[in-house]
Amino acid sequence: MNYSRILLLAGLLGLAACQPKTGSGSLSTPADTSPAVATVNGANITQNFFDQYIKAITGKPSSELTAEQRTQALDNLLRAEVVGQEAVK
């Protein structure tokens, strides 16, 4: 993973930790009603957030990535959510 991706991930973690709780404590915006692509300890990672993350790190829409690339990106977000939850504790 290169430094720009590490910085982006750290920034996303920081933003997620600073967001007001919306009831689920999820990686999404309060108005985000898209379906959850994953849930970590009750916190949802929504499709819209996932698509924005993909666009930020690759410059491409998620539909242009291979299934393996999408899976790897989702795994990164899941790890980021776990780290963020631990940081809040």
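**A salt bridge, a helix and a hairpin**

K89 counts as exposed because its relative accessibility is 78%, and the cut-off for that class is over 50%. This value, like the others here, comes from a predicted model. The side chain of K89 meets that of E86 in a salt bridge. The N to O distance is 3.4 Å, which falls within the 4 Å limit for such a contact. Side chains of opposite charge can pair when their charged atoms come close. A search of the whole structure returns 1 salt bridge.

Several of its residues are buried, among them A73, L74, N76 and L77. A80, E81, G84 and Q85 in helix 3 are buried as well.

Strand 1 (residues 36-40) and strand 2 (residues 43-46) run antiparallel. The two strands are joined by 4 bridges. T39 stands opposite N44 of strand 2. Strands 1 and 2 form a hairpin, with 2 residues between them.

N41 sits in the loop between strand 1 and strand 2. Its phi is positive, at about 50°, although N41 is not a glycine. Most residues other than glycine have a negative phi. N41 has a relative accessible area of 68%, so N41 is classed as exposed.

Methods. Residues are numbered from 1 along each chain as its sequence is written. This is a predicted model: local features need pLDDT of at least 70, side-chain atom pairs count only at pLDDT 80 or more; totals for chains, interfaces and linings use all residues. Side-chain values use heavy atoms; hydrogens and water are left out. Buried means under 20% relative accessible area, exposed over 50%, partly exposed in between (1.4 Å probe, protein chains only). Two strands pair if DSSP finds at least two bridges between them.
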